[in-house]
Every structure is written in structure tokens, then in C-alpha cells.
Amino acid sequence: MSAFKSDFLRTLSERGFIHQISDETGLDELFAKEVVTAYIGFDATAKSLHAGSLIQIMMLHWMQKTGHRPVALMGGGTSMIGDPSFKDEARKLLTPADIDANLAGIRRNFAPYLAFGEGPRDAMMVNNADWLMGINYVNFLRDVGRHFSVNRMLSFDSVKLRLDREQSLSFLEFNYMILQAYDFVELSKRYGCRLQMGGSDQWGNIVNGIDLGHRMGTPQLFALTSPLLTTSSGAKMGKTASGAVWLDPDMLSPYEFWQYWRNTEDADVGRFLKLYTTLPMDEIARLEVLGGAEINEAKKTLATEITALLHGREAAETAAETARKTFEEGALAESLPTIEIHKASLEAGIGLLSLFVMAGLAGSNGEARRHVQGGAVRLNDQPVSDGRRSVTLADLTGEGVIKLSLGKKKHILVRPA
């Protein structure tokens, strides 16, 4: 680990955020002597970011925390095309209306982590549609396109992967890396941006921007990438068997978000405490050496701290208390995730397997049936062994709900509407 002089790089280094830097010494000196503006790009492909984006959001958070200016670049323009990097096929093309709706949702994801404003250290949210949508194509080819070597672009891993598999790479997608490089130059000219950060899969694209900046007369630009994270067992961050771990509370409840982090594998606890919380390093050092049953206390701390950053301390404490009551006392907690089913449907009776699919606890009736056969299904805390069972209003508890459980950790309340 390099002995960085600047608070920002020292913090990122000790917490495990750094994979590659284009010029360590030059960037460290820049951060040590002035307020640096840096950005990370986020494409608007959904109405919310998910937990896989948290490492990038936390990098922007630490940037502002150490006295610098972070820029969240929204890809309103580039989302019209879609990043081909390491994808097996082209992304579905989004309409401008889709992109606008997605951008509105994503903006809300950043509010808990960054302080936006007009000051020299206040975070900025910028949309690359502001300059990309007005480009004159012929002028762009002449002024920007001439600086790109197709031979070099073909050598990038993200492109080679598609071509080696003999999967088509459209001209539309091939342009994406040119537009991303141009974003860096444009942000440098407009806002004095000197650094682009991103995941390690973006290294080639970021270096392209540095090279383009050099050819188009910007000051020296820099690249910093973070490691592409997977769990110790190889699972992709931010994804579960039942779907994405969304940051928007309307798409994933704070309780379910808390549970995702509570279920962290033992080997990942220390690493995730460093990356996803703002706990002091000495406290993390104490927590990451806990073993046996005590590791569960470290996991609860991890889950509560990450949830508090995103959803607020009160929501995090409520989620932790809900989990304690549910698992330690077997009680029915009001803040469990809830779905509403039409009362008439429950009067007629709904098949248990279908209800589990409707609740998102299984992807299909067949999967739900396998859970029943494996003894993992409970109805109102009672095991169910008959997959043909019907659920009716007679199953309502005294609280007026039906509790569905899959294993010990997944619970949904069903309310008649």
C-alpha cells in the first residue's frame, strides 16, 4: 500500500477502494494541494441504482468528506445507446421518456450520501445529454473521431470479448466509448474535472478519455478504478436469487435491504465494513476479528450501518428490531415486507404455491413446490408439507395478516385489500 499524502487517496487505499491509478504520484500531489473535481458516470437503465453501485457512490462520498468536489454524471445521452462493456449482447434501447423517468429515480439515490449545492465543495449532478444531444455529427467526426484508432479500440477487452465469441458489436455500441471519452473532455472544460473514477471494467474507457484530453488540449487528466466486487463465494454484488438489491425504498424495503447485508458471508464482513460504512478503522479492526457466534453481531452492525447511511438511522434500527423480534422471539413484526391480496381472492382461496410466487418468495410454482418438499415453507410460523394447500381468510392471524416464511430469513405479510 502506497503512503499517500492526500487524505482522499489515503482513505480510499486503507478501505480497499483502489484497483488502479493512472499516475499515483501526480494524482496524490494534486489532491494534496487543491480542491479536486472528479466524476463517476451512471447510466439510467433502471428507476433506481442497486447495491452494486454503492462502491462508486461511497467513493464520491469520501471525496466530499475529505474536502473535494464530487460529480455524479448521469448518462442521459449515453443511455440512448447503452454501454457494451463485457455484455454478451446489445442492451434494449430506451426511449427519452424512459430515461427521464429513470434519472428522476436515480437522483434520489444520491441524496443520503452527497451534499449538493453551488459551493466549491458541493456535489454536482450533471447530465451528459446537455452536450451529447446537440452534437453535429460531421463536426464531431472531424474534431473528435479523428483522434481514435480503430486498431486500438479493437484491442480493448470489452470489445475483444464480444468479437472472440463471434457476437455482433453494432456501430452504435462502438461509438459508446468515443462518447464516454468525450464526456471526460467536456467535464474538464466545463467544470475543471481532473479525475474519472469507476469500476475496473471501465479502465480502457477512462484511459481513452485521458488520451483524448491530451490531444484536445485539456490539463493532465487522471484515472482511478475500484476492484470489481463479488462475494467470497463468487456471487455478483447487488444481485440475489430473487432480484436486484435496489436502493429505492419503494422497490426494496429498508428491512429487506438490511437483511441482504445481515446475510453477508463471514469472510466478507471486514471488507464490507471498510467499503460500505463510515465506521472508524479501529472499530472495523475490532469487528472483523470476531469469530463464532460473535460474527453475527458484526453482521448486524454492518447491516445497520449501511442501512442507516441510505435510509436513515431510525429505519435501520427498526429493521434490526424487526429482525430480532422475528428471529429471536418468533413475533409478528408490523414492519415486515407486505403485499396486498384482494379479499375476494382469499375468500375463494388461493393456492399456497401461487401465493408464494405472488409474494416474490419463489420464481415459479415448481420452485415453491420444491421449497415445500424441502421443509422450508411456513404459514403463520407453522410448517407446511402439502403443496396443494389453499390459503383463505380463515388463515388470517389476530393481527389481520397471513405470514409467509421461506426458511428462517425471508418473511412476507399478506393483507386482504
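Colleague: Leaving aside neighbours within four places in sequence, which residues is Thr304 in contact with?

Modeller: This is a predicted model, so what follows is computed from it. Thr304 is found in helix H15, which covers residues 295-311. With its neighbours within four places in sequence left aside, the contacts of Thr304 are Trp258, Arg313, Ala316, Glu317 and Ala320.

Colleague: Does Thr304 count as buried or exposed?

Modeller: A residue is called buried when its relative accessible area is under 20%. Thr304 has a relative accessibility of 9%, so it counts as buried.

Colleague: Which side chain is joined to that of Thr37 by a polar contact?

Modeller: Thr37 is found in strand S2 (residues 37-43). At 7% relative accessibility, Thr37 counts as buried. Leaving aside neighbours within four places in sequence, Thr37 is in contact with several residues, among them Met63, Arg69, Val71 and Tyr191. The polar contact, of 3.0 Å, is made with the side chain of Arg69.

Colleague: How far apart in space are Gly52 and Trp246, C-alpha to C-alpha?

Modeller: Gly52 lies in the loop between S2 and H3, and at 25% relative accessibility it counts as partly exposed. Not counting residues up to four places away in sequence, Gly52 touches Met237 and Gly238. Gly52 and Trp246 are 194 residues apart in sequence, but from C-alpha to C-alpha the distance in space is 9.0 Å.

Colleague: How many aromatic pairs does the count come to?

Modeller: Two rings pair if their centres lie within 6.5 Å. By this rule the count is nine aromatic pairs.

Colleague: Why is the pair of Phe257 and Trp261 called edge-to-face?

Modeller: The ring centres of Phe257 and Trp261 are 6.1 Å apart. Planes over 60 degrees apart count as edge-to-face. The planes of Phe257 and Trp261 stand at 70 degrees, so the pair is edge-to-face.

Colleague: In which helix do Phe257 and Trp261 both lie?

Modeller: Phe257 and Trp261 are four residues apart, about one turn of the helix. Both are buried: Phe257 has a relative accessible area of 0%, and Trp261 has a relative accessibility of 0%. The helix that holds both, residues 254-262, is H12.

Colleague: What is the angle between the planes of Tyr260 and Trp261?

Modeller: Tyr260 and Trp261 form an aromatic pair with 4.9 Å from centre to centre. Both residues are buried. Their pair is edge-to-face, and the angle between the planes is 80 degrees.

Colleague: Which residues have the most contacts inside the largest nonpolar core?

Modeller: Trp261 is one of them.

Modeller: The core in question is the one of 69 residues. Its largest share is eight residues, and they come from residues 54-65, helix H3.

Colleague: Which strands stand at the edges of the open sheet?

Modeller: The open sheet has five strands in the order S9-S15-S14-S11-S12, with mixed pairing. An edge strand here has a single partner strand, so one side of it is left without a neighbour in the sheet. The strands in that position are S9 (338-341) and S12 (382-383).

Colleague: In what sense do S14 and S15 pair?

Modeller: S14 and S15 form a hairpin with three residues between them. Ser405 has His411 in S15 as its bridge partner. Over five bridges, the sense of the pairing between S14 and S15 is antiparallel.

Colleague: How many of the residues of strand S14 are buried?

Modeller: Ile402, Leu404 and Leu406 point one way from S14, while Lys403 and Ser405 point the other way. Strand S14 (residues 402-406) is largely enclosed by the rest of the structure, because the number of its residues that are buried is five of the five.

Technical notes
Residues numbered from 1 in each chain as written. Heavy atoms only, no water. Phe/Tyr/Trp six-rings, centres within 6.5 Å; stacked < 30°, edge-to-face > 60°. Helix = DSSP H or I, 4+ residues; strand = E, 2+ residues; numbered from the N terminus. Buried < 20%, exposed > 50% of the residue type's maximum accessible area, 1.4 Å probe, protein only. Pairing = 2+ DSSP bridges. Core = buried A, V, L, I, M, F, W, Y, C linked by side-chain atoms within 4.5 Å. Contact = heavy atoms within 4.5 Å. Polar contact = N/O pair within 3.5 Å; in protein donor to acceptor, adjacent residues only side chain to side chain.
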